Amino acid sequence: MRRMSGWKDEQVIIVGGGIGGLAAALALARQGVPSQVIEQAPEFKEIGAGIQLGPNVFRMFERLGLIEPVSTLAVFPNNLIMMDSVTGEEVTRIPLGDAFRRKFHHPYALIHRADLHKVLLEACRQSNVIKLDASQKVVRVDDFGGGIAVRSESGKDYRGAAVIGADGLWSTVRQIVVGDGAPKPAGHITYRAVLPTSEMPEQWRWRDMVLWAGEKVHLVHYPLRTGELFNLVAVFHSNRYEEGWDTYGDPTELHERFAKTCEPVRTLLNKIESWRMWVLCDRPPIKDWSRGRITLLGDAAHPMLQYLAQGAGMSIEDAVCLADRAAAANGDYAAAFLAYQQARYLRTGRVQIMARVYGEFYHAAGVAKELRNIMLSSRSTADAMAGMAWLYGEQKELSSGAAAA
């Protein structure tokens, strides 16, 4: 009887205050479920620069009531463009105008990661059922049958009905649930930087998402913050690094890796003096990421390489699906979490696998590169959009949330 009538009086504990954790808190709040978000950093903030938001993410923003604040801060590009970084020739472009929006019912957007995080954080702060604690590193989680106990490194205790581990690639909660150790470096290195638009060469100030594909390298650039900045992301293959996060990159190595690229790419790379480096890691897809009243979300459950630009998108989809399943189960969190992972694992697994495939596709050389360019350049816009439907189209498990709840 308590589960049926008073279960919404008990909070859910969310470990991790990034995009996925805050989206989960907000999705639960929309269902009337209180939550406590615990973040180990001294404050709730995001690192990084730009991210891309496909129509599938805007479908979730619609569910969360966030389309307007996100759209205010986003740039809506005209095209997705792939260039050959050796020859300098255009390989393909996909217009993102009326036909794209008619097919997917939502736009494609570019936003600064910190801006998206602030939108989610502000929405959480406005909720009277979401509590936020920073500077609390979780070290222990106990499921005692009737609920969950969580302890932080500082000795603070939290009690709740369930726990969601949204604590990213190096998740503490994952080791409790799955116990599969550290993620594996992918042999790909990312250098990121932002450039004031005034310093961007005028001929490349395109309002587009542009990818220069090369042999074991690629460069991406696109505008941010209504065009005030350009986001630059350079990626290359290297097994030199085993792990690393948010450290400064080595410009000398970067220029060596891109030495065979065309003049426009080298010019853009020379515009940046200081790069932040990330060593890309992921994990193989798994089917089970829940144990009793404990589950995982986002990168903690299914970390993926960046090549489909869907890490944040999958975590937000997770959040909405999880909240729907919790509401449908009337507080039986063990059952809800099993239903949630069942609804999600094939989709997220497909994105994980295809992100790896796209990484090789972008970095192709020789015959593989020629075949890639021929295939992509011969596609019609309709063909290109049809190929995106699996990713950006309506998902059954997320299309009837109100009915499920």
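User: Where is Ala309 found?

Analyst: Ala309 sits in the loop between strand E19 (294–296) and helix H10 (311–328). Keep in mind that this is a predicted model.

User: What is the phi of Ala309?

Analyst: Start with the general idea. Most residues other than glycine have a negative phi. Now the case here. Ala309 has a positive phi, near 55 degrees, and is not a glycine.

User: Why does Ala309 count as partly exposed?

Analyst: Buried means under 20% relative accessible area, and exposed means over 50%. Ala309 is at 22% relative accessibility, so it counts as partly exposed.

User: Which loop holds Arg225, and what is its phi?

Analyst: Arg225 lies in the loop between strand E14 (217–224) and strand E15 (229–237). Its phi is positive, about 50 degrees, although Arg225 is not a glycine. The accessibility of Arg225 is 27%, so this residue also counts as partly exposed.

User: Now sheets. In what order do the 6 strands of the open sheet stand?

Analyst: The general idea: strands of a sheet pair through backbone hydrogen bonds, either parallel or antiparallel. Here the order is E7-E2-E1-E11-E19-E18, and the pairing is mixed. Strand E7 (130–133) and strand E18 (290–291) stand at the edges. Each has a single partner strand, so one side of each is left without a neighbour in the sheet.

User: How many bridges join E2 and E7, and in what sense do they pair?

Analyst: Strand E2 (residues 35–38) pairs with E7 over 4 bridges, in the parallel sense.

User: How do E9 and E10 run, parallel or antiparallel?

Analyst: Antiparallel, with 4 bridges between strand E9 (residues 148–152) and E10. One partner pair is Arg151 with Asp157 in E10. The two strands form a hairpin with 4 residues between them. In that turn, Gly155 has a positive phi of about 95 degrees.

User: Which residues of E10 are on the covered face?

Analyst: In strand E10 (residues 157–160), Tyr158 and Gly160 make up the covered face. Asp157 and Arg159 make up the uncovered one.

User: Next, a helix. How many residues of H2 are buried?

Analyst: H2 is mostly covered, with 11 of its 12 residues buried. Among the buried ones are Ile19, Leu22, Leu26 and Leu28, along with Gly20 and Gly21. Helix H2 (residues 19–30) reaches 16 Å from its first C-alpha to its last, close to the 16 Å expected at 1.5 Å a residue. Just after H2, Gly32 has a positive phi of about 80 degrees.

User: How many cavities of 30 Å³ or more does the search find?

Analyst: The search of the whole structure finds 1. The volume of the largest cavity is about 30 Å³. Its lining is Asn56, Arg59, Met60, Glu317, Gly393, Gln395 and Leu398. Helix H3 (residues 55–64) gives the largest share, 3 residues. By class, the lining has 2 nonpolar, 3 polar and 2 charged residues.

User: And pockets? What lines the second largest pocket?

Analyst: The lining includes Ser85, Val86, Gly214, Glu215, Lys216 and Val217. His237, Arg257, Lys260 and Thr261 also line this pocket. The space in the second largest pocket is about 170 Å³. Its lining counts 2 nonpolar, 4 polar and 4 charged residues.

Technical notes
Residues are numbered from 1 along each chain as its sequence is written. This is a predicted model: local features need pLDDT of at least 70, side-chain atom pairs count only at pLDDT 80 or more; totals for chains, interfaces and linings use all residues. Side-chain values use heavy atoms; hydrogens and water are left out. Buried means under 20% relative accessible area, exposed over 50%, partly exposed in between (1.4 Å probe, protein chains only). Two strands pair if DSSP finds at least two bridges between them. On a 1 Å grid over the protein atoms alone, a cavity is a set of points where a 1.4 Å probe fits but cannot get out, and a pocket is an open set with protein on both sides within 12 Å along at least five of seven lines; lining residues have an atom within 4 Å of a point. Grid points are joined across faces, edges and corners, and a volume is the space filled by probe spheres set on the points. Ala, Val, Leu, Ile, Met, Phe, Trp, Tyr, Cys and Pro count as nonpolar, Asp, Glu, Lys and Arg as charged, and the others, Gly among them, as polar. The expected span of a helix is 1.5 Å times one less than its number of residues.
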